Each structure stands twice: as C-alpha cells, then as structure tokens.
Amino acid sequence: MSKFDKYFLMDIDDVIAYTLEKTQDKVDWDKDTMEALVPKEHGNLNYVYRVWDDKGHSIYIKQAGLETRISPDMTASLDRNKLESEIMLLEEKMAPGMVPHIYFYDTVMSACGMEDCSDHLVMRNAMQEHKTYDQFADDISTFLVNTLLMTSDVVMDHKEKRKLVKNFTSPDLCDITEKLVLMEPYNDINKRNNIYEPNRAFIEKELYNDEALKLEVAKLKFKFMTDYQALTHGDLHTGSIFIKDGSTKVFDSEFGTFMPMGYDIGNVVANMIFAYDNGLAHGKDEFCEWVLQAIEDVIDLFIKKYNVKFDEEVTEPMAKVPGFKEWYLDGILKDTAGYAGTELHRRTVGMANVTDVTRIEDEKKRLLAERINIIAGKDYIMHQDAFKDGKAFKEAVVKAHEEALKTL
Ligand code: SR1
Ligand code: MG
C-alpha cells in the first residue's frame, strides 16, 4: 500500500515523497538534500513543482487538480494529465529536442514527471524582459510543420489518425476553448470577461456589437468543433514555451486535440503581438522590430518547410493531385489569420488574460496595447483570405498600431 494509491492534491512534502516513490529505481536521489518548490510561473489549470537534490538531480512534477487554478467553479477532467503526457511523447518523436521529455505519467495521481527546464525561461517572461532569440522562428516553425503536417491526413494513415482522434480529445478542455476563446469575448454570455474599464466602450462597440465579426467567429467556432485536420498543441502561447539562447521547448499540451492547424500557428502569431504590445509600452523599439520580424519569419518559414515536407512525406494519393498542396496551404493560412484574431481578442477581454498586457500600468499605453490587439484581431478575422505570407501578417500589426493611435 502506498499513500499514492488514491488521488489527492499533493503539497510540497508529498511531492518529494512522490518523486522518490516514482523515480528511485532510476535516480539515485540524495534524500537528505531533496527539496521542492513551486516555480514562479505557473499556468491557469495545474500544479507544478520543481524537485531537486544537491547531487544535481532534478525533475518537474505536474499534477492536475479537480478545480482549475484560474476559477474554482471551473472543473476539468483529471485524465487531462495522461492526455498531455501522451501528446508530449508523440510530439517529442515528431520534433526531437523541442519538447521536454516526459519520464513517467501516473493516472492515479493524475501527475507526470517531466524534464527540468529551469535553465530556460518561460517565453512570456522572457518577452517581458524584452529578450530576443535568433533561433525562435526557425525552431517554432519546425515544431509546427513537423507536428501538424505529420498528424494530418496528408501524411498519417487515415485509420491510425481516426484512432488518435478518438483518444486525444478532452471534452472538458475543448469546452473551455469553445467558450473562453470562441464565444465569450464577443458576448460575455457567462459574465466572466475581464474588461479593463477605461476600454469598455471600445470593446462593446468593436466586439460585442459587431454582428459581421460575430458571424465570422461563429464560423471559426464551428470549424474548431468539426474539422479534425491535425493533432494540435491546442494552447501554443508563449507561456507554453521554454526558451533560452539556442533552445526552444514546447510544453503544456493538455489542450491538444485534432482541429485546424491554423489554431496553433495563429496562437504563436497572436502571442508575439502581446510581446510587441509590452515592448511598445516600455519604449523597446529594437525588441519590437525583432518581434515583427519573428512574426514574418514564423509564417514564411512555416510555408517553406511545409512545401518541402509535403513533398517528402505525402502518402495520400489524392493529396498528390497537382494544385492540392497549394489549396491546402491556403486553408491553413486562412485559419491561422482567423485564430490569431480570436486569440488576440480573448486574451484582451476574456477570462484568461496575458501579463504582457495586464502589467502595463500607464492607462494610455494599456489602452494602446488593447486596441492594437482588438484592431489587428478584427483585421485577421474579417480578411482571412488576405493573409498569404509573413509580410501580410506583420503589416497588419503595424497598421493596427497606427489605427489604434488614432483612437486615443
Ligand atoms: C480555465 S483555463 C483558461 C485558459 O488557460 C489555459 O492556458 C488555456 O489557454 C485556457 O483557455
Ligand atoms: Mg496551459
């Protein structure tokens, strides 16, 4: 009998005992010097601990709680930890070196042991220190092409894919996305949007009262619910990326499910715009230039690598028909624009905001940031067909910045 034979939410001492129990056959822990702490950064749903000893051993332990951290009345099934672990193990195979290794996962405690990445920064924090990373666009575009194209019907055996569609779906987490991303930012139907009061009238006019916008978002919501294009990460924001010079690692794949590829790519674009907002508020011109270039490069490198990988890996005979590759890419880019837009909006007015924006103290600068997000988001959503390359995605940010300034 072990204390860990039945689920309960662990505290720091439990986590140390748990780590020993789960890993001592593989790791020669120095029990006397073992310590654990909650890293400074944590997400909205789970409990993360770093455990280490003085001999140089270390691990992250992540446990799912019954309630989400962000909102005690919002629950999500405990099997999300298994789903996340399995998706990360699969992603690691497709994008080696770009995903922290999962050492084990445990369906009883709803916990997993993950490679310690504390020599990296969580990218959202790095962005707020206005750090730049030469490898980022190259790395993340590789992650995107490898994980998305390889799990699409273009490459993956269709029967195998259908099995994965069945396995890799967390109804609770999909429900969160359907509500928090693809509905509430446009109607606050559940009265839980976080609105920056000085921006309320602008938000009401531009988001809640724009029926043409809502129609496009409704289409994006239904696409999310019905188009099982590829196995996505599902929440690919800068808080789901560890980064340091020369290394980028994507984690936290619990929202992973089969849906349009553009959801992940659009999330990367939107979250780089939040980094831009923060750089702007702090007068970091060079950083902002880097961010804009990164947005352009992520898209252009995705397109370049997609074209190569498509030719190398395509297995579906009908996908080899001339013109299909281009048509499929067009759809991915269109979705990228649409979901970049919804991510921009939901992080600005929805329940789960981003510190890149909320930590801007000056009212005028915060308003500028929020309005850039709202205007760029609307441009992406309303003109999804116009975004065919990195330059177009980048220029939308510059244009939104100019337009937002005029509203102040
Ligand atoms: C209730 S969870 C709120 C948000 O945090 C996660 O990281 C996802 O982005 C989700 O939408
Ligand atoms: Mg997360």
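**View 1. The shell around ligand 1, sorted by class, has 7 nonpolar, 2 polar and 3 charged residues.** Here Ala, Val, Leu, Ile, Met, Phe, Trp, Tyr, Cys and Pro count as nonpolar, Asp, Glu, Lys and Arg as charged, and the others, Gly among them, as polar. This is a predicted model, in which local features need pLDDT of at least 70, side-chain atom pairs count only at pLDDT 80 or more, and totals for chains, interfaces and linings use all residues. Residues are numbered from 1 along each chain as its sequence is written, chains are lettered from A and ligands numbered from 1 in the order in which they are written, and side-chain values use heavy atoms, with hydrogens and water left out. Around ligand 1 you will find Asn44, Leu45, Ile70, Met74, Ile176, Leu180, Asp235, His237, Phe255, Arg346, Arg347 and Ala352; a residue is listed if one of its heavy atoms lies within 4 Å of the ligand.

**View 2. Asn44, Asp235 and Arg346 each bring a polar side-chain atom to ligand 1.** A polar contact is a pair of N or O atoms within 3.5 Å; within protein, one must be able to donate a hydrogen and the other to accept it, and residues adjacent in sequence count only if both atoms are side-chain atoms. For Asn44, the distance from a polar side-chain atom to a ligand oxygen is 2.7 Å. A side-chain N or O atom of Asp235 lies 2.6 Å from an oxygen of ligand 1, and for Arg346 the corresponding distance is 2.8 Å. The protein buries 97% of the 320 Å² that ligand 1 exposes when taken alone (accessible areas by the Shrake-Rupley method with a 1.4 Å probe; for residues, only the protein chains shown count as cover). Helix H6 (171-180) and helix H12 (324-349) are the elements that give two or more residues to this shell. Helices (H or I, at least four residues) and strands (E, at least two) are DSSP runs, numbered from the N terminus.

**View 3. Five strands make an open antiparallel sheet in the order E1-E2-E3-E5-E4.** Two strands pair if DSSP finds at least two bridges between them. Strand E1 (35-37) and strand E4 (102-106) are the edges, each pairing on one side only. From one strand to the next, the twist averages 20°. Within the sheet, E2 (residues 46-52) and E3 (residues 58-64) run antiparallel and share 7 bridges, with Val48 opposite Lys62 of E3.

**View 4. E4 and E5 form a hairpin with 4 residues between them.** In its turn, Ser110 has a positive phi of about 50°. Helix H2 (residues 80-94) lies across E2, E3, E4 and strand E5 (111-114), at about 155° to E4. Contact means heavy atoms within 4.5 Å; axes are lines fitted to C-alpha atoms, for helices over the stretch in contact, and angles run from 0 to 180 degrees between N-to-C directions.

**View 5. A second open sheet has 3 antiparallel strands in the order E6-E8-E9.** Strand E6 (121-122) and strand E9 (247-250) each have a single partner strand, so one side of each lacks a neighbour in the sheet. Helix H4 (residues 136-150) packs on this sheet, touching E8 and E9, and its direction makes about 35° with that of E9. E6 and E8 are joined by 2 bridges, and Val122 stands opposite Phe242 in E8.

**View 6. E8 and E9 form a hairpin with 2 residues between them.** Strand E8 (residues 241-244) pairs with E9 over 4 bridges in the antiparallel sense. Look for Lys244 opposite Ser247 of E9, and for Gly246 in the turn, with its positive phi of about 85°.
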